[in-house]
Amino acid sequence: MPKVKACKRCRALTQGDVCPLCGSRDLTFNWEGVVAVLDPERSEVAKRLGYERSGLYALRVAEE
(Lines give C-alpha, C1' and ligand atoms only; values in the text may rest on other atoms or scores of the structure.)
Protein backbone atom coordinates (compact mmCIF):
# COMPACT_ATOMS: atom_id res chain seq x y z
CA MET A 1 0.00 0.00 0.00
CA PRO A 2 1.49 3.38 -0.99
CA LYS A 3 2.37 5.86 1.73
CA VAL A 4 0.43 9.11 1.82
CA LYS A 5 2.21 12.43 2.39
CA ALA A 6 0.80 15.74 3.63
CA CYS A 7 1.73 19.15 2.26
CA LYS A 8 3.29 21.36 4.93
CA ARG A 9 1.83 24.49 3.30
CA CYS A 10 -1.85 23.58 2.78
CA ARG A 11 -2.14 20.16 4.50
CA ALA A 12 -3.50 18.44 1.36
CA LEU A 13 -2.82 14.69 1.18
CA THR A 14 -1.07 13.10 -1.79
CA GLN A 15 0.76 9.97 -2.89
CA GLY A 16 2.88 11.94 -5.34
CA ASP A 17 5.92 14.17 -4.95
CA VAL A 18 4.06 17.44 -5.58
CA CYS A 19 1.01 18.81 -3.77
CA PRO A 20 -2.03 18.59 -6.08
CA LEU A 21 -3.53 21.80 -4.64
CA CYS A 22 -0.70 24.31 -4.13
CA GLY A 23 2.17 22.75 -6.11
CA SER A 24 4.57 22.63 -3.15
CA ARG A 25 7.22 19.94 -2.87
CA ASP A 26 7.48 20.43 0.90
CA LEU A 27 5.74 17.18 1.93
CA THR A 28 5.97 14.95 4.99
CA PHE A 29 4.90 11.50 6.16
CA ASN A 30 4.51 12.91 9.68
CA TRP A 31 0.81 13.87 9.88
CA GLU A 32 -2.37 12.88 11.75
CA GLY A 33 -6.11 12.75 11.06
CA VAL A 34 -8.05 13.16 7.82
CA VAL A 35 -10.72 15.61 6.69
CA ALA A 36 -12.57 14.99 3.42
CA VAL A 37 -13.99 18.17 1.90
CA LEU A 38 -16.58 17.52 -0.81
CA ASP A 39 -18.36 20.86 -1.07
CA PRO A 40 -16.27 23.63 0.52
CA GLU A 41 -18.88 26.32 -0.14
CA ARG A 42 -21.52 24.53 1.96
CA SER A 43 -19.26 22.86 4.53
CA GLU A 44 -19.03 24.54 7.93
CA VAL A 45 -15.97 22.41 8.75
CA ALA A 46 -14.18 23.54 5.57
CA LYS A 47 -14.98 27.17 6.38
CA ARG A 48 -13.66 26.86 9.93
CA LEU A 49 -10.48 25.16 8.74
CA GLY A 50 -9.99 27.56 5.82
CA TYR A 51 -10.30 25.01 3.01
CA GLU A 52 -11.55 26.54 -0.24
CA ARG A 53 -11.12 23.48 -2.49
CA SER A 54 -12.40 19.91 -2.44
CA GLY A 55 -9.91 17.28 -1.38
CA LEU A 56 -8.40 15.22 1.42
CA TYR A 57 -6.54 17.13 4.12
CA ALA A 58 -4.48 16.26 7.20
CA LEU A 59 -5.74 17.66 10.50
CA ARG A 60 -2.23 18.05 11.91
CA VAL A 61 1.11 18.21 10.09
CA ALA A 62 4.36 18.06 12.08
CA GLU A 63 7.08 20.66 11.54
CA GLU A 64 10.06 18.31 11.10
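These legends describe close-up views of a predicted model. Residues are numbered from 1 along each chain as its sequence is written, local features need pLDDT of at least 70, and side-chain atom pairs count only at pLDDT 80 or more, while totals for chains, interfaces and linings use all residues. Side-chain values rest on heavy atoms, with hydrogens and water left out.

**View A. Tyr51 and Tyr57 form an aromatic pair.** The structure holds 1 aromatic pair. The ring centres of Tyr51 and Tyr57 lie 3.8 Å apart and the planes meet at 10°, so the pair is stacked. Rings of Phe, Tyr and Trp (its six-membered ring) pair if their centres lie within 6.5 Å; planes under 30 degrees apart are stacked, over 60 edge-to-face, and the rest tilted. Tyr51 is buried, at 7% relative accessible area. Tyr57 is buried too, at 2%. Buried means under 20% relative accessible area, exposed over 50%, and partly exposed in between (1.4 Å probe, protein chains only).

**View B. A salt bridge joins Glu32 and Arg60.** The whole structure has 5 salt bridges. Each is a side-chain nitrogen of Lys or Arg within 4 Å of a carboxyl oxygen of Asp or Glu. Here the N to O distance is 3.9 Å. The pair links distant parts of the chain, 28 residues apart: Glu32 sits in strand 4 (residues 31-37) and Arg60 in strand 5 (residues 55-61). Helices (H or I, at least four residues) and strands (E, at least two) are DSSP runs, numbered from the N terminus. Glu32 is partly exposed at 47%. Arg60 is exposed at 55%.

**View C. Asp39 pairs with Arg42 in a salt bridge.** The N to O distance is 4.0 Å. Asp39 is partly exposed, with a relative accessible area of 34%. Arg42 is exposed, at 71%.

**View D. Glu44 and Lys47 meet in a salt bridge.** Their N to O distance is 3.9 Å. Both lie in helix 1 (residues 44-49), 3 residues apart, so about one helical turn separates them. Lys47 is partly exposed at 47%.

**View E. Thr14 lies in strand 2 (residues 13-14).** Thr14 is buried, at 10% relative accessibility. Its side chain reaches the backbone nitrogen of Gly16 at 3.0 Å. Setting aside neighbours within four places in sequence, Thr14 is in contact with Lys3, Val4, Lys5, Pro20 and Leu27. Contact means heavy atoms within 4.5 Å.

Note on methods
Polar contact = N/O pair within 3.5 Å; in protein donor to acceptor, adjacent residues only side chain to side chain.
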